[in-house]
Amino acid sequence: MTSLTLNNGISMPQQGLGVFQIPDAAECRQSVLSALETGYRLIDTAACYGNERAVGEAVKRSGLPREAVFLTSKVWIQDAGYEKTLASFEKTLDNLGTDYLDLYLIHMPYGDYHGSWRAMETLLQAGRVRAIGVCNFLPDRLVDLILTHSVVPAVNQIELHPFCQQQALRQVMAAYHIQPMAWAPFAEGQGNLFHHPVLSAIGQAHGKTPAQVVLRWLRQEGIVAIPKSVHPQRIWENWDIEDFTLSPGELTQIRALDQNRSWILDVPNLTEVYRLHNIPVSQMRWGCTDLGM
């Protein structure tokens with residue numbers, strides 16, 4: 001598996017396992033173990049997924065040294081702000097059974113995210129995290145954060161799939177050397193993605209599935225992908241993308257699928273702002289499955 005170098009010099013695997021919507025502890029542990037046994041070395045979780053402890057248990061059971069696994073987690077809206085973020089970070093470390101994170105992210109551009117960023121800068125300076133970043137930050141708030149603070153985010157984790165390619169946002173990110181990281185790379189199955197005629201035809205030419213074509217496209221675009229699965233065979237298939245390369249013509253066909261809009265989480269939409277702010281803390285702590293991401 002290839003790795004990418006972040007803007008602070010840290011190396012990050014280009015593909016990992018996402019564990020959103022796997023609140024069952026046993027199922028989450030098994031998924032992470034299957035991924036690590038397959039060869040994955042990046043695991044992406046979050047405080048609000050309710051499965052950090054299961055992820056940490058799986059990493060321990062794998063027998064891999066801690067430094068061999070790149071662990072990412074996120075701070076949720078209700079814990080935004082300087083002191084709250086520091087406290088949430090300690091809970092995350094306790095859940096994961098580790099004394100540091102490889103990447104810590106602000107989950108949403110809502111609430112006191114400036115306070116959260118100051119806390120993350122403190123954690124970075126103290127060596128408690130190796131890199132810090134954000135999720136779902138669009139150009140205006142991303143640049144505002146950059147201009148207000150001393151550390152430029154290393155990563156922006158965003159909705160990114162063939163139907164929502166975020167070209168304008170990615171141009172801004174490239175100017176600041178911010179690594180794009182794709183959540184929902186399969187658009188949660190929307191748009192008939194797993195049977196899409198363009199993706200299917202390209203896959204048939206290489207003996208691959210549409211999902212593998214999407215992950216190979218992201219690889220060649222220089223984007224980190226975190227596909228989620230609880231099925232060992234699918235976890236392996238998502239990993240098995242090293243033996244083919246998409247041609248320039250095939251890349252052009254996939255780029256033409258872009259509809260230049262969000263399909264899953266419309267961050268600036270006021271309905272989403274109200275909805276996500278009002279997710280109960282209890283639901284957040286025990287596994288929020290209604291984030292739309």
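## A strand–helix–strand unit

Strand S5, helix H3 (residues 82–96) and strand S6 together make a right-handed β-α-β unit, where right-handed means that, with the strands pointing away from the viewer, the path from the first strand over the helix to the second runs clockwise. Helices (H or I, at least four residues) and strands (E, at least two) are DSSP runs, numbered from the N terminus. The model is a predicted one, in which local features need pLDDT of at least 70 and side-chain atom pairs count only at pLDDT 80 or more, while totals for chains, interfaces and linings use all residues. Residues are numbered from 1 along each chain as its sequence is written, and side-chain values use heavy atoms, with hydrogens and water left out.

## The sheet

Strands of a sheet pair through backbone hydrogen bonds, either parallel or antiparallel. In this model eight strands form an open sheet in the order S3-S4-S5-S6-S7-S8-S9-S10, and the pairing is parallel; two strands count as paired if DSSP finds at least two bridges between them. The edge strands are S3 (17–18) and S10 (224–225), each of which pairs on one side only.

Strand S5 (residues 70–75) has parallel partners in S4 (residues 42–44), joined to S5 by three bridges, and in S6 (residues 103–106), joined to S5 by four bridges. On the S4 side Ile-43 stands opposite Leu-71 of S5, and the chain passes from S4 through helix H2 (residues 52–62) to S5 in a β-α-β crossover that is right-handed.

## A covered strand

In a regular strand the side chains alternate between the two faces of the sheet. From S5, Phe-70, Thr-72 and Lys-74 point one way, whereas Leu-71, Ser-73 and Val-75 point the other way, and all are buried. Buried means under 20% relative accessible area, exposed means over 50%, and partly exposed lies in between (1.4 Å probe, protein chains only). Strand S5 is therefore described as mostly covered, since six of its six residues are buried.

## Enclosed and open space

Rolling a probe the size of a water molecule over the atoms shows where empty space is left. On a 1 Å grid over the protein atoms alone, a cavity is a set of points where a 1.4 Å probe fits but cannot get out, whereas a pocket is an open set with protein on both sides within 12 Å along at least five of seven lines, and lining residues have an atom within 4 Å of a point. Grid points are joined across faces, edges and corners, and a volume is the space filled by probe spheres set on the points.

The model has one cavity of 30 Å³ or more, and about 40 Å³ of space lies in the largest cavity. Among the residues that line this cavity are Val-75, Trp-76, Ile-106 and Tyr-110, and the lining divides into seven nonpolar, two polar and no charged residues. Here Ala, Val, Leu, Ile, Met, Phe, Trp, Tyr, Cys and Pro count as nonpolar, Asp, Glu, Lys and Arg as charged, and the others, Gly among them, as polar. The largest pocket has a volume of about 400 Å³; of the 21 residues that line the pocket, the closest to its centre are Phe-186, Glu-188, Pro-227, Lys-228 and Ser-229. The pocket lining consists of 12 nonpolar, five polar and four charged residues.

## Two positive phi angles

Most residues other than glycine have a negative phi, and most peptide bonds are trans. Gln-21, which is not a glycine, has a positive phi of about 65°; Gln-21 lies in the loop between S3 and helix H1 (25–38) and counts as partly exposed, at 37% relative accessibility. Ala-187 also has a positive phi, near 55°, and lies in the loop between S9 and helix H7 (197–206), but Ala-187 counts as buried, at 0% relative accessibility.

## Cysteines without a disulfide

A disulfide is a covalent bond between the sulfur atoms of two cysteines. When a disulfide is taken as a pair of cysteine sulfur atoms within 2.5 Å, the count comes to zero. The sulfur of Cys-135 is 9.5 Å from the closest cysteine sulfur, in Cys-48, which is too far for a bond. Cys-48 is buried, with a relative accessible area of 0%, and Cys-135 is buried, with a relative accessible area of 0%.
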